[in-house]
Amino acid sequence: MVDAADSVLPCICGTGELIAVGSDIRKLSLLLLFLPFSLWILLLIILPHVGMVVLSLREKVAPRVYEFGFGNYIDFFMEPIYWNTLIRTGLMSLLVTFLALLIGFPVAYYIAKLAGNRTKGMLFMLCLIPLWVSDLIRAFGWILLLRESGIISSFLMSSGLIDTPIEFLYTDATVIMGLVYTVMLFMIVPLVSTLDGMDNAMIEAGYNLGGNGFTVLRRIIIPYAMPGIVSGCIVVFMMTAGSYLTPILMGGKNSSWFTEQIYDQFISRYNWESGAAFGFLLLAFTSVVVWLGLKLSGQTLSSTVAKS
Amino acid sequence: MKSVLSAITASVALSLASGAQAETLRLLTWGSYAPDNVIEMFEEKYPDIDVEVTYSNNEEMIAKLRATGGAGFDLAQPSHDRIYAAQLEFDIYKPLDLSQIDTSNMTPKLLDGVKENATIDGEVYAVPHQWGTTGLMVNTAEAPDVKSWGDLCDPAYQGKTSMRLKRTILLATAYSLGEDPFAAYSDLDKYQGILDDVTEKLIECKDNIKAYWQGGDDLSAMMLSGEIVASESWDSTAYKLFGENPDIKFVPPATGALAWIDTFVLPRKGKADDAAYKWINFVLQPEIVELMSASTGAIASINGAADLLPADKKAAVNAAFSDADIDNLKFFANIPPGVEDMEGKALEKIKAATGG
């Protein structure tokens, strides 16, 4: 905005000044365009996080007396329950991500490449519809199906396959199933949009050059879909590790999910300081996992997420 | 454009004007503690007061008030053991002006009990509203022998019992092990010893539990469907189910049911103290208590309140409590600073243990 001074002397206008005024307007409109975005980032993302960092570095020494220190982080590493839960959450989230990819890829491939134009839209719709219902309602839907006195158990009883009712809820397998169901769409959408851009001629060329189905998949389709795969996996992993309702409602007495620890610290134990520390540890942990995943698969954020 | 603008200005001016007239009472309370019919009657009597209700529980009430330093609400209803420490730590309540509250008809034992628990530097921070107990809910047709807290861990009922994984069950189990946890609050080392035993016992017991319940609704569903036959429970939840299946009874455990009193407190930055006092006095009138108890299933802290329960709840109470049981009630003691953390750790250990 150096030229601002010039532009207040208008109208004895040489062409050079006109251009200067024009670039000012462009700069101003750019600034105005960016303002809401930067305010949003600053006020809703950066400031609260700074507040949380400060909070997580406060140690309570007595009622209403706090000291600066790393005690909350040290507590986390000293107590096996906490880091075990974090690792467990991480591993189960990875499994969910993998399963979602395994199931989502063929679906996305069918929608993008095999389905006709009209079916394509309809299939995409069918994937979207479950998202219109809130997480909570969907979890309760599963509970109705799976509980001991629920629909599946009573159906099996009445058909004579089992004698006593079976409890399907409250196991890790149920939690993983529920989570895969919840996040599936976020895997399918980026995959479809990447695969959609792929020229069918590339697949034909692969077959023409003597590749079998598996080789074409491995050498042509998957490398092409990599941006979609990576961004889908990142979104799904982050969502799973940060989910709260599904593990709590479907996991029952043995569900140890790290978000539940954070909730307990904040709400049940009034311990905001260690809750904030736990929140940052979860953020750091998931970021490291994503970074590791990118390194191991030889991808970068700019070559995948930015592209898909 | 101009007409739109003037319309907006007019509506803003209107809403400002109506805001200036009507006072809003923002109530932070438990589910069913502000039934619609009571709110309607209150607003009829005081047409210039609007009542806004937010439903919550003890932990969330304190977390909400702490987040704002006690702003955002004008009247809150935490239990009597959640006042002293919360006030010391977070300074979220303001002292009551007892001259504004009609205490003449309050049950003296409850009023004095709450005052004793909620007095800091000579200032009283809370008065009682309703009380109730936590004990056992038993399907007497399926599990006639459940009489004490320990019976929830009886292998005879493998996979058919439940409890809520909160501090109540820690205290209950401590009593069933023959300890007096509230007495040990003054000696935290001793209390840690008790907690360790309790933790061990409850981890052993985990195999026997079907699931930990979270609120009255999932507990009711498990009990009515027959998936569980006995559970830790609030008495009011058990009374509600008694109406649907008379085999489901509330059983005060052998070591005594644990009693809580929900109170009235003023948040530190509340803006409608007068309206709050009006609400307190209003809901403690006998004719309102009758409506309130029908909704909550809890007993108001005024003289003769048990007679004001609706007939079905009265039958349930009489089926549950003898006079000896009433004498055996254990009232929750104030939570001293630090105990919340110790109990939280114990609960985490139980939750994380890999049982059945």
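How far apart do the C-alpha centres of domain 1 of chain A and domain 2 of chain A lie? They lie 40 Å apart. The legends below take up this and other views of a predicted model.

**Figure 1. Chain A as a whole.** The secondary structure of chain A comes to 14 helices and 2 strands. Chain A has a radius of gyration of 26 Å, well over the 19 Å that the globule rule gives for 308 residues, so it is more spread out than a compact globule. Along the principal axes, its C-alpha atoms fill a box of roughly 95 × 75 × 35 Å. Buried residues make up 27% of the 308 in chain A. Take the contacts in chain A with a separation of 6 or more: 68% of them join residues 24 or more positions apart.

**Figure 2. The two domains of chain A.** Domain 1 covers 4-56, and domain 2 covers 71-304. Between their C-alpha centres lie 40 Å. Where they meet, 4 residues of domain 1 of chain A are in contact with 7 residues of domain 2 of chain A. The side of domain 1 that touches domain 2 has 3 nonpolar residues and 1 polar residue. Charged residues are absent from that side of domain 1.

**Figure 3. The contact of chain A with chain B.** Chain B brings 23 residues to this contact, and chain A brings 19 residues. On the side of chain B, four elements each supply at least two residues: α3 (58-68), α4 (84-90), β9 (209-212) and α14 (339-352). Of these, α14(B) gives the most, with 7 residues. By class, the side of chain B that touches chain A holds 11 charged, 8 nonpolar and 4 polar residues.

**Figure 4. The largest nonpolar core.** This core has 129 residues. Which of them touch the most other members? They are V183(A), L75(B) and A230(B). Helix α8 (residues 172-196) of chain A provides the largest share of the core, 12 residues.

**Figure 5. A close view of A230(B).** A230(B) is among the residues that touch the most other members of the largest nonpolar core.

Methods: Residues are numbered from 1 along each chain as its sequence is written. Chains are lettered from A and ligands numbered from 1 in the order in which they are written. This is a predicted model: local features need pLDDT of at least 70, side-chain atom pairs count only at pLDDT 80 or more; totals for chains, interfaces and linings use all residues. Two residues are in contact if their C-beta atoms, placed from the backbone, lie within 7 Å. Ala, Val, Leu, Ile, Met, Phe, Trp, Tyr, Cys and Pro count as nonpolar, Asp, Glu, Lys and Arg as charged, and the others, Gly among them, as polar. A nonpolar core is a set of buried Ala, Val, Leu, Ile, Met, Phe, Trp, Tyr and Cys residues joined through C-beta atoms within 7 Å. A residue is buried if 20 or more other C-beta atoms lie within 10 Å of its own, exposed if 12 or fewer, and partly exposed in between; C-beta atoms are placed from the backbone. The radius of gyration is taken over C-alpha atoms; the globule rule is 2.2 Å times the number of residues to the power 0.38. Domain bounds come from an automatic or database domain assignment.
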